[in-house]
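Please go through the model below with attention to its helices, its salt bridges and its surface.

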Amino acid sequence: MGKGGKQEQQKTVYTWDEIAKHDKREDRWMVIQGEVYNITNWARKHPGGTKVISHYSGQDATDAFTAFHNDLPSVKKYLKPLHVGSVKDTQNRTIDEDFRKLRSTAEQMGLFKPSYTYFGLYLGHIMVLELLAAFTLIYFGVGWAPFLISLAFYGISQGASPDWWNHMHYQHHAKPNVLDKDPDVRVEQLFVVGDVMPVEVAKSGKSSFPYNQQHKYFPFFIPPLLFPLYFQFMLFRHVYTRKLWIDVIIMGSYFFRFCFFLVPLVGWGWTFFYYEAFRIIESTWFVWVAQSNHIPMNIDHDDQKPWLKLQMAATCDVEKSFFNDWFTGHLNFQIEHHLFPTMPRHNLYKIQPLVQSLCKKHGIPHEVKSLYQSFADIIKSLKHSGEIWSAAYHQYHLS
């Protein structure tokens, strides 16, 4: 409970100012549908991870809670022991009510139901590409041309821990582009993004890294190296420190299959090279696709925006086409993916017109770009942020 002890336990109604005080690691409260819950101890047991639930400490988490839990009746039973009271003045904002109506419409349309045919075909085409990678080397030999063609086929396949991915990605979805909460914008060691971070980094004087050149070194540094270096280290560290033995078995089976296929053909040295090379391909694709929707958008500290405004400020869409849908894995509908993170990706385009209509009603831009423009905007925004840092650094330290 909070620091107030027994006196605070006797309360049944709390103001938002009182609730906002409970946002510390040792004292966390959260509001869901007008009810107040003490999540201090539960946060450590939360299946989605401690950080994702803690990001809403002292705040209204109603829409985030709904967004991440499809089976609400089942999940709500865990809330009962955590209940400490109600909110005195419920925040009944029109924008929240309208968004919840939109979600209800999506549920009635069956948009949260997966198509097993779609995912079966999707898995099937990945397996076909993996088989083509093996066939190319077996049939055509291990010369450079077959090796590179096989590498291109295999670049789509991957093996990782789902628990680690969820641990990182749920935080991103809960507070996208929010400094100190979204792990995807904890990049100040190498980059500054948005308009706020460059000034804060420059003012701190902790780093004189040449951020004003970041738009030049980004394409050659982060896209190809994120997976082979950082993600691989964090992946193995996560499963080991958390003792996720099932994930270890799944990952182990993947590496066993990979080595069983390649080592007899090319030996251990070239197997390692092949693995790192296809991770570079995979990493390059991932960074450009994922960051095209976020880096050029608003990046700031948490100001507790309503769910719709929070997601719209941090995301944009890429135009629909057969190639764009396939190349991005249907995540060219990033806005809709963020608003409804548990909606199967093959249904995202169906809700887009309704999202656009809701945004128009509330005067919120719904940005849709070409694939080329979305990539170009990454470089453009990095250049802009670098220039802000340079000006601020000169102001605080060289003037």
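What is the relative accessible area of Lys24, and how does that class the residue? The model is predicted, and in it Lys24 has a relative accessible area of 39%, so Lys24 is partly exposed. Its side chain meets that of Asp23 in a salt bridge, with 2.8 Å from N to O. Asp23 is likewise partly exposed, at 40%.

The count of salt bridges comes to 14. One of them joins Lys320 to Asp325, with the closest N and O atoms 2.6 Å apart. Here Lys320 is partly exposed at 47% relative accessibility, whereas Asp325 is buried at 7%, because buried means under 20%. Another salt bridge links the side chains of Glu387 and Lys383 (2.7 Å, N to O). Both residues belong to helix H17 (residues 371–398) and are 4 residues apart, about one turn of the helix. Glu387 is partly exposed at 43%, and Lys383 is partly exposed at 37%. Lys175, Lys181 and Asp302 form a network of salt bridges.

Two packed helices are described by the angle and the distance between their axes. For helix H6 (residues 94–108) and helix H16 (residues 348–361), the axes come within 11 Å and cross at roughly 165 degrees. H6 is therefore roughly antiparallel to H16, and the crossing is right-handed.

Helix H13 (residues 307–314) is largely enclosed by the rest of the structure, because 6 of its 8 residues are buried. Among them are Trp307, Leu310 and Met312.

Phe135 lies in helix H7 (residues 116–140) and is partly exposed, at 43% relative accessibility.

Notes:
Residues are numbered from 1 along each chain as its sequence is written. This is a predicted model: local features need pLDDT of at least 70, side-chain atom pairs count only at pLDDT 80 or more; totals for chains, interfaces and linings use all residues. Side-chain values use heavy atoms; hydrogens and water are left out. Helices (H or I, at least four residues) and strands (E, at least two) are DSSP runs, numbered from the N terminus. Buried means under 20% relative accessible area, exposed over 50%, partly exposed in between (1.4 Å probe, protein chains only). Axes are lines fitted to C-alpha atoms, for helices over the stretch in contact, and angles run from 0 to 180 degrees between N-to-C directions. Angles under 35 degrees count as roughly parallel, over 145 as roughly antiparallel, 65 to 115 as roughly perpendicular and the rest as oblique. A crossing is left-handed if the near helix is turned anticlockwise from the far one by less than a right angle, and right-handed if clockwise. A salt bridge is a side-chain nitrogen of Lys or Arg within 4 Å of a carboxyl oxygen of Asp or Glu.
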